[in-house]
Every structure is written in structure tokens, then in C-alpha cells.
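My entries follow, in the order in which I checked things.

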2 protein chains.
Amino acid sequence: MGIGTKRQFPTVKITDVAAAARVAPMTVSRVLNTPDRVSPDTAARVRDAIDALGYVPNLIAGGLSSRRSRMIAAIVPTIASSMFHEPVQSFTDAMGRAGYHVMLALSGYGRGDEATLIRAMLARQPDGLLLTGARRSPDARRLLATARVPVVEIWDTAEQPTDMLVGFDHEEVGAKVAAFFVARGHTRFAFLGAHDVRAMARRSGFERGIAAHGGTLVPTAMLSAPSTILESRQAFRAMAPKLAGRTALFATSDLVAFGVITEARLLGFSVPDQLAVCGFGDFELSRGATPAFTTVHVDGTAMGLLAAKHLVARLAGRTGGGAHRALVPFHIIERETT
Amino acid sequence: MGIGTKRQFPTVKITDVAAAARVAPMTVSRVLNTPDRVSPDTAARVRDAIDALGYVPNLIAGGLSSRRSRMIAAIVPTIASSMFHEPVQSFTDAMGRAGYHVMLALSGYGRGDEATLIRAMLARQPDGLLLTGARRSPDARRLLATARVPVVEIWDTAEQPTDMLVGFDHEEVGAKVAAFFVARGHTRFAFLGAHDVRAMARRSGFERGIAAHGGTLVPTAMLSAPSTILESRQAFRAMAPKLAGRTALFATSDLVAFGVITEARLLGFSVPDQLAVCGFGDFELSRGATPAFTTVHVDGTAMGLLAAKHLVARLAGRTGGGAHRALVPFHIIERETT
DNA sequence: TTGTAGGCGTTATCAG
DNA sequence: CTGATAACGCCTACAA
């Protein structure tokens, strides 16, 4: 036993409860896991013993024995940006209702490879995995394949998801925003965003949409990912001289949009007349700022809920082994900047 | 074995690796946990076998056997607000360096009692606990006492922490902001904040500081606890008529401060001349918005790091059982709104 | 409805 | 430096 872990008072375990309630350990286990298979008064006696002793079941031991950890590992780049907060929250809540704990791990953007993190999580024997994005490294794919653990990918889409997927098409978002701008008569466009796979997908969709209508795209620098307001302001300041005439800008996130709008007004641009701006994420800021700005809303709550639903179904054996792919709605919320 | 968990291909386990490397399982375990106690070539052979078989150790089994999960449970109200993001991130990183995984759980503000969540986490046998705040219910205290697990509380202070504590004094923050305003000649004050223990502590410190100087406090309504920009704008709009003369307002968070500033300018208040505002949290928004606003910066990174340091020391048995209490610095960052 | 036997995959401990 | 043995605390499977 390691130093510092010496438990002077032994932990209360299932056998202690069993002894106190004068039943077999297995009966205590049943009271906890399948109460309907125990007679009411036995159950009551056991529960009294549990309370009296302050028994907390050891899920580690239970997990080893049953080969089910009742735990789901979720890997998300960050929750700082509020981008992933909704899906994570609703996923956690929904899984909780189904009797699963969610262990949240933050991968950061790019630091350390994902496969290492996945391996670390797999070592804890999760019953399922929630991953962000749909592009896995070969290492990660191999790891997941041999682990044979149900996986849900969210927040992106792919023809061939690893297993299940609940996301949306970022290219389509870009295209939709382009169409939105085009429909309002814009002919000059700009994109400001981070160098991130999904942001790039939105960008390329945006560019496609523009090209289809013969619009002009003002070239812009990439931001580092996670984008900050200040960085966005700087970036806009740098590109401002290149903006000859009325321009429609699609920002990679609402933080970027806010930075752009802030700086643009400081520089004397009138928003939306000279510069129309659409953000992404529908953060509270997009509603709370003045002017409130147009943005793309993705139903993150639905995403988390659906992901949980698919995962729970799989865990309950209610679905086959086939791949499941669901897309979640998004739409443009028009406000005062377009 | 439950439906859906039938592993068609058996998992690779330590005995498989041992067989492949022609050593005893125990030797494989040593290669993984105490490499220096294994001869280099044996270790190499074992590592080859591990790679060849794609062995991922089962930490659940290991934890059961060693009684050490190498996992820390962290319970935080939310990470949506970016308030707790820094400490959580730095804590996670630091614990990771020490060989621990951090399992993050979100308690939400008030929904469900904390004791239930703590019990759920304890069932997974964490080697330590990170808790937010320093006020525990009797249930929670009892649970923690019987579990005999090292606990670090962060983000608040108390005379009698449960175990270890790394935080700061919210009352002192309030008092300091009051002194800051008083030093600038303010005589009329307001506080706008959420109905949350720590926000209330900041408020009472603020009120004490004002009272000591005979200032006037404009009465204000409480916000609901996670405060939003829009709600803050509404609240300010409601209190604005009561603001007779130059007023100094302390907001419970930078989001609230931003809402106040936004609405105040819309209503024609000049900031900071008629209305001085100080936020709390030093969110990116406080730097990125115009005007950039004065706020209280708390060194969240230091907090997470220190918390990890204390916990690791305790886990390594390098400290006694005495209570540890550390305070982390905070300071006012003066910008354009005061 | 309740109980018994055995094992889940790993590591502590002691022996060589 | 390496190995054999016996837990760790619980649950599956089967029996009563």
C-alpha cells in the first residue's frame, strides 16, 4: 500500500453491509442494482444498513467484475469558448439520466496528440466515448477499432464516421452564409477565422458559395485558434485598408465577429452599411452587444441529446452495429449587423 | 455479461503480454509502473510485446488492486462562464504531469445537491478531490470525512476548510474595490450581482468599505445566478432612474459589467464620468470591448497550480495531516471605465 | 427470492 | 532483477 494511502479505518464494503443486514453480499448488490428482484422488507433492511454504515459502493470493483464501468469519456478541445458547452452539458445530463457518468477531458487545440489522450481514457474502461470532430488520425482509429467501444462523434460530419455521428456540415454553413449575403446584394466578401479544421471547412463552403455568384473575396490572414477578441480587432485593422467598398464578412466565431465590429466602428466603418458581419455560435455576446449581431445558431443542446440517445441505444443493445449518422439543424439569426 | 458488451475478440491483457514476452505478468506491470526495477533488455522485450499486441492497461483492475485510482475528481459549478476555466485547466495540466487524470464534473448552480454528486464521484475511488467554494453542507462534510480522501477547496476561503484550501477572500475583493473607488473621490455606489454565496461576500465587503467612508449605496436587485449580459442590461435600465449623480458600480462579473456599460451608454450616461464601472474576472471581454473596462483579476492559473501542488504533496505523503490554507493574489486592473 | 462459487485484470508482498 | 501467490471488492452464473 502506497505511502499516504494507508487507510487507518478500513472502508465499509459490501460484506459489511451484508453482515449488518444479515443477508448475503449478493443481496446487497441486488438492492443497489436490481431492486425489483429483492423482497421489499429485505430491501428495507439492507437500505437501513447502508445508511447506518454510510456505505458507498466501489464502482471500480463493480466495474471490474461486471466489465461495465457505467462511465463515458468525453474529449473536447476546450470549453473556454462556450462553443462546446451546450452539447457537453446536455450530453452529460442525458447520460446521467441513463445512469452513466461522463468523464470530461480537455484536449486543447493541437497540444499533444489525440491518440495518447484516447488511450489514457480507454485505460479507464469507458463504456462509450464522445469525441469532437470527425477526423481521426490513423493511430486513433486503430486504437478505437481494437477497443471495440461505442463512439459518438459530434460537431462535424464525415462520410465515414468512426462509429456514430451527430453533427452538422461546416461547409454547408459557409455556403448558407454566402447565400444569405448574396441574397442581400453583396458582391464583396471576407472571411476572418482561425486555422482550425472546421473553421476552414466553413471558409471553403463560404468561398464556394461566393464563387458561384462571381463575388470577390478579400484575402485575409488566419487567426491562431482559439481566437481572441483582441487578435480579431488587430486582424481587422490590418485588413481594413484592403476593403474597397461595401463588404460582407463571415467570422469564425462570435468572439471574432465582436472584435471585428468593435474595431470597424472605431475605424469609422458604418455597420452594417459599409461592413456587414455574420458571426458563428450564437454566443450570448451576439445578443447582448450593441449592435446585436447576426450569427449562425447551431442547436448544441439537440446535438448532445441526440448523441446521448444513440449511445444509450447502442449500450442497451437496441441497435445494430451499423453506422449512425445524424445531422443537427443550424440557422442564421439575423440581427443588426447585416 | 450485459447485452451489447459481448466482446467478440477478447481484450489483450497483461498475461497476454507476459506470455508474448516470456516473462511473468508482474514483470510487465513493473515495466509499466517502475521501469527502473527491470533490466533494460527485459523491459525492451516487454515493450515490444506491448506494442505488437496493442496492449492498453486496465486501470480499473490496477486501481482495485493497488487501491489507488490515479484519478482526481473535480467538481465545478460551470465552465460556461470562463470564471473557473483557468484554475481547472492549470490544475488538470499540473496533475497530469504528476500522473493523475482529472475527472471533471459540473454541478451547475444549485440544481441537485452537492452531496449526491460527491457521493457519485467517491464511488469511483478518486485519490483526491477538487471542490469549488469552501462552504459544504453537513451531508457533504460527513461524506468527505468518512471517505478520508484528500480534498482541496478552491475559489473561496474559510477559517475551517474541509482539508486544504487555495482561494481568496471575496469580502476583501469587495472592500478593495470600495477603497479603489473611494480613493478616486466617489461618494455614491452601486452593486449589481447574482444571488450567489461568493458574489454576496464580495457585495458585503464592498458595502463595508463604503460604510466606513460614509458613502451612499444605491439599492439594487439581485440577478439570477449565471448572470447574462441581457439580464444585466435590463437590471441597469431599471436602476438607472435611481442614479442621482456620479455613481461607482461594482459588478459581480465581467459579463454583468459589460451589460451595464452597454446599457448605460445607450441611456446616455457617460462612462466613466457619470458612471464608473468595475467588473470581476478579467475576462477577455474586459480587454476586448470598447471602452475596455476596469476589473478585478484573480490569478486562476496560480490557484490551480497551487491546488495541484498541495494535493500532490499530500498524495506523496510529503505533508502531514494538518490543514493547509493558501491565498492567491488578486488585483484591480484599471482600464477606461473608472 | 436468496445464496454460493468463482473470477474480472491488476498489483502488493514475499521468496528466490 | 524476476517470479509465484494472494488479494482488491464486486458481480455473473448457477444452484437452492
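How do the residues of the surface near DNA strand D divide into nonpolar, polar and charged? I find 13 nonpolar, 11 polar and two charged, where Ala, Val, Leu, Ile, Met, Phe, Trp, Tyr, Cys and Pro count as nonpolar, Asp, Glu, Lys and Arg as charged, and the others, Gly among them, as polar.

Before going on I note that this is a predicted model, in which local features need pLDDT of at least 70, side-chain atom pairs count only at pLDDT 80 or more, and totals for chains, interfaces and linings use all residues. Residues are numbered from 1 along each chain as its sequence is written, while chains are lettered from A and ligands numbered from 1 in the order in which they are written.

**DNA strands.** I looked up which residues lie around DNA strand D and found 26, with Lys13(A), Ile14(A), Ser29(A), Gly62(A) and Ser65(A) coming nearest; a residue is near a strand if its C-beta atom, placed from the backbone, lies within 6 Å of it. Helix 2 and helix 4 of chain A, and helix 2 and helix 4 of chain B, each supply at least two residues of this surface (helices are DSSP runs of H or I with at least four residues, strands are runs of E with at least two, and both are numbered from the N terminus). For DNA strand C I noted 27 surrounding residues, the closest being Thr42(A), Ile14(B), Ser29(B), Gly62(B) and Ser65(B). By class, the surface near DNA strand C has 13 nonpolar, 12 polar and two charged residues.

**Helices 1 and 2 of chain A.** I recorded that helix 1 (residues 14–21) and helix 2 (residues 25–33) of chain A pack at about 100°, with their axes 8 Å apart. That makes helix 1 of chain A roughly perpendicular to helix 2 of chain A, a term that covers angles of 65 to 115 degrees. The contact of these two helices of chain A has six nonpolar, three polar and no charged residues.

**The two copies.** Chain B can be laid on chain A with an RMSD of 0.0 Å by a turn of 180° and a shift of 0.0 Å along the axis. The two copies are thus related as by a two-fold rotation axis.

I then looked at the interface, where 53 residues of chain B are in contact with 54 residues of chain A, contact being C-beta atoms, placed from the backbone, within 7 Å. Helix 4 of chain B gives the most to the side that touches chain A, with five residues.

Notes
Axes are lines fitted to C-alpha atoms, for helices over the stretch in contact, and angles run from 0 to 180 degrees between N-to-C directions. Angles under 35 degrees count as roughly parallel, over 145 as roughly antiparallel, 65 to 115 as roughly perpendicular and the rest as oblique. Copies are superposed by least squares on the C-alpha atoms of residues with pLDDT of at least 70 in both. Two residues are in contact if their C-beta atoms, placed from the backbone, lie within 7 Å.
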